Amino acid sequence: MFTHKNILYSSLLILSVLTVGCATTYAPDNWLPETDKVPQSNYGGWITLIVNESDEKVMQYGGEFIAVDTLNIYLLYDSLYVIPKEKIINSIIELDQKNTGAYGAWVAGGSLATLSNGWYAGITFPLWLLAGIPAASGESFRDRYEADNPDEFYWDEVNIFSRFPQGIDRINLSDLKPIIKKEE
Amino acid sequence: MKAFLIFYTTACNRILILLLSVSLILSTSCSNPRIERTTSSPDEMIYERSSAEHPYLKLHMKNGELYVLSDWMINKDTKEVTGSGSHQNLNREVLDLGDFQIPLQEIVLAETNQISGSTAVGVLTALTVITGIFTIVCIANPKACFGSCPTFYASNGSDFIVQSEGFSSSISPSLEVRDVDALYRIKPSSENFEIQLRNEAYETHVIRSANILALPKPKGGRVYSTPEGDFIQAKNLIEPIKVIAPEGECSDKFCSFDGQERFSAADSNDLAAKEIVELTFNDVSSEDLGLVIASRQTLLTTFLFYQSLAYMGTKAGDWLAELERNSTEFKTLLENPRKTLGTIDVLIKNNDGEWEKVSEVGETGPIATDIKLVPLKNLVKDKYNDSDGSQINIRLRMAKGLWRIDYAALAELGDKVDPIIIQPSSSFPQKINSSNVVELLNNPDSLLVTFPGDEYFLNYQLPSDFTEYELFMESQGYYLEWMRNEWLSEENSAKVYQMLFNPKQYYKDLASQFKKVETDMEETFWSSKYVYP
């Protein structure tokens with residue numbers, strides 16, 4: 001039996017669950033294009049790499065996904081970083097901005113709105129939980145390519161999301177200008 | 001049992017956690033990609049020209065430069081790509097804008113992106129529409145969606161079912177009453193007896209007491225309360241052999257207390273219009289007989305109550321304050337609409353062969369079916385002899401569409417008995433706002449106030465031979481209905497005065513309005529599976 005008080009508390013809980021259950025975005029605010037702008041975007045996606053520098057040192061690198069070659073991953077932040085593939089223990093590539101926050105608020109608001117459904121809230125409130133939360137949370141996971149200990153298959157798959165999917169054999173990467181300056 | 005109680009009271013939370021867990025498990029499976037990127041060498045590109053799905057083409061050059069084109073076309077005959085847009089260097093600085101013709105041989109890779117619709121938006125929109133539909137249904141017909149009065153649940157041996165709704169007609173402090181409802185279908189399994197008290201409506205419930213009354217059952221019989229408040233032992237119940245209502249024979253609805261109820265639609269022109277149902281019983285040798293009848297109201301009175309509050313509108317508080325200040329005068333006025341609508345009149349033929357009212361029965365409230373006994377002492381004996389001598393005929397007169405009758409039987413009356421009053425001995429939760437719930441209920445000078453969503457388990461210690469007792473729920477208090485925004489637009493003091501001073505016309509005027517919602521009101525309320533009668 002879903003009481004109104006439960007719905008009120010649960011809506012707050014939903015926001016908490018969505019906060020915990022949603023995928024984190026690593027790209028700086030407003031760096032990634034909105035989904036509809038991706039077709040004309042001229043940059044690579046945002047790549048976040050966890051790199052095993054040594055037995056005791058793990059580093060995280062993040063920046064625009066520039067290119068992949070046989071041995072390395074190239075990412076651009078305040079300068080160009082060349083990361084050996086063999087040291088990468090986790091990779092995440094994001095392509096666009098997600099509307100998880102807005103959808104989360106939509107789910108919480110919709111759940112609260114079931115208060116106006118009276119006893120039908122016994123139907124509509126679980127529906128919001130069972131369908132609304134996956135919809136909102138799923139938004140944060142879509143178009144996001146993550147792999148632990150990524151292999152060549154993974155890099156072949158995500159290469160198309162780099163700035164230079166054609167490869168860098170004839171590109172002078174030293175000419176690249178960082179989008180994010182060091183002083184920022 | 002305590003463990004069960006704790007489990008039961010936390011069931012909502014468990015369900016919630018389960019639903020949230022399932023939701024999170026479903027989350028990753030609901031992350032359908034929206035961006036479909038296609039890359040290939042331009043002469044192998046499966047799309048040859050721009051379209052709504054592929055408005056842009058990106059051409060990656062050997063030196064890292066990029067063309068972003070709209071209105072593009074790949075011409076394999078001339079071996080070039082045409083389109084308008086921008087030409088950018090490897091830092092994505094624009095080198096040139098305009099129309100371009102780029103030879104295929106200069107292009108390393110062509111790229112298009114198709115953006116599909118958002119699954120999340122689709123799902124959330126659908127949920128919003130569903131919620132909106134139910135909201136509209138509830139606004140149009142609020143009582144179909146919200147319960148009424150304090151409800152008491154008890155175990156019937158397998159499930160916790162609603163057994164009683166307390167003081168349904170006590171809508172203000174001055175109308176506080178003591179209400180007794182039979183716990184007819186419950187089967188206590190031990191001396192430790194639990195009742196669950198719930199507030200399931202947009203109401204503030206003010207409860208002075210919630211006691212169990214235990215009365216010794218006769219051998220092979222039961223104990224019933226009468227409309228006058230007495231408790232009488234009865235046995236040898238016989239069901240009617242024939243029941244004639246306006247719609248025809250319907251004895252199957254009256255033959256057992258099973259939720260199969262007889263009810264009718266309200267009159268289209270007058271909500272107080274009466275109908276008659278005639279019950280025929282086989283002859284019974286006993287002289288002291290009574291009519292056992294199990295009934296509850298339809299949602300008609302609920303509609304009328306809510307409509308009255310709507311007519312009071314923003315002045316509802318003033319009206320109720322006036323009721324408190326002049327309670328005696330106002331109570332008399334409130335009797336006018338109540339009497340006009342009436343309860344279930346029980347009629348038996350007198351010596352002249354005319355039907356005569358001997359009693360009335362029926363409690364306010366649409367949720368819990370209450371069972372009462374109407375004594376027919378000294379009246380039946382004279383009457384059935386002048387019919388055909390082998391049958392007893394009883395008529396029930398009531399407002400059309402107002403009553404749902406589940407069971408009727410003739411019973412042989414036994415002794416009048418007095419109840420053992422059993423107050424709650426413990427509760428779960430034990431306290432509310434640092435006050436002990438049991439102390440609040442057991443002290444006649446204190447009150448337990450509950451709000452929507454509140455629920456308590458009350459524990460009672462029954463006599464050791466508890467199976468030998470009939471149990472009743474005795475509650476006392478009143479409740480305050482919460483005003484709803486949608487009611488305020490109908491404020492009309494003249495209609496309130498009409499209800500108080502000319503209820504006959506009031507019920508006629510409201511008939512068409514009620515008939516518009518009557519069918520849906522019943523259907524939606526009960527299909528919501530909020531409670532079972």
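# Helices and strands in chains A and B

Colleague: How do α2(A) and α3(A) run, roughly parallel or roughly antiparallel?
Modeller: Roughly antiparallel (over 145 degrees; under 35 is roughly parallel, 65 to 115 roughly perpendicular, the rest oblique). This is a predicted model, where local features need pLDDT of at least 70, side-chain atom pairs need 80 or more, and totals for chains, interfaces and linings use all residues. Residues count from 1 along each chain as written, chains are lettered from A and ligands numbered from 1 in written order.

Colleague: What angle do α2(A) and α3(A) make?
Modeller: About 175 degrees, between N-to-C directions on a scale from 0 to 180. Their axes, fitted to C-alpha atoms over the stretch in contact, are 9 Å apart. α2(A) covers residues 100–113, and α3(A) covers 121–141. Both are DSSP runs numbered from the N terminus (helices: H or I, at least four residues; strands: E, at least two).

Colleague: Which residues meet there?
Modeller: From α2(A), they include A:Y103, A:W106 and A:V107. From α3(A), they include A:F125, A:W128 and A:I133. Contact requires C-beta atoms, placed from the backbone, within 7 Å.

Colleague: How many are nonpolar, polar and charged?
Modeller: Eight are nonpolar, six polar and one charged. Charged covers Asp, Glu, Lys and Arg; nonpolar covers Ala, Val, Leu, Ile, Met, Phe, Trp, Tyr, Cys and Pro; the others, Gly among them, are polar.

Colleague: Now chain B. At what angle do α7(B) and α11(B) cross?
Modeller: Roughly 80 degrees, and their axes come within 7 Å. These two helices are therefore roughly perpendicular. B:L333, B:N336 and B:P337 of α7(B) make the contact with B:M499, B:L500 and B:F501 of α11(B). Five of the contact residues are nonpolar, one is polar and none is charged.

Colleague: On to sheets. In what order do the five strands of the open sheet in chain B come?
Modeller: β8-β7-β10-β28-β24, with antiparallel pairing. Pairing takes at least two DSSP bridges.

Colleague: Which strands stand at the edges?
Modeller: β8 and β24 of chain B. Each has a single partner strand, so one side of each has no neighbour in the sheet. Neighbouring strands are turned by 30 degrees on average, direction ignored.

Colleague: How many bridges join β10 to β28 in chain B?
Modeller: Seven. B:L197 stands opposite B:Y456 in β28(B).

Colleague: Back to chain A. What do β1(A) and β2(A) form?
Modeller: A hairpin, with two residues between the strands. They pair antiparallel over eight bridges, and A:N52 stands opposite A:V58 in β2(A).

Colleague: How many bridges join β1(A) to β5 of chain A?
Modeller: Six, again antiparallel. There, A:V51 stands opposite A:I88 in β5(A).

Definitions and conventions:
Two residues are in contact if their C-beta atoms, placed from the backbone, lie within 7 Å.
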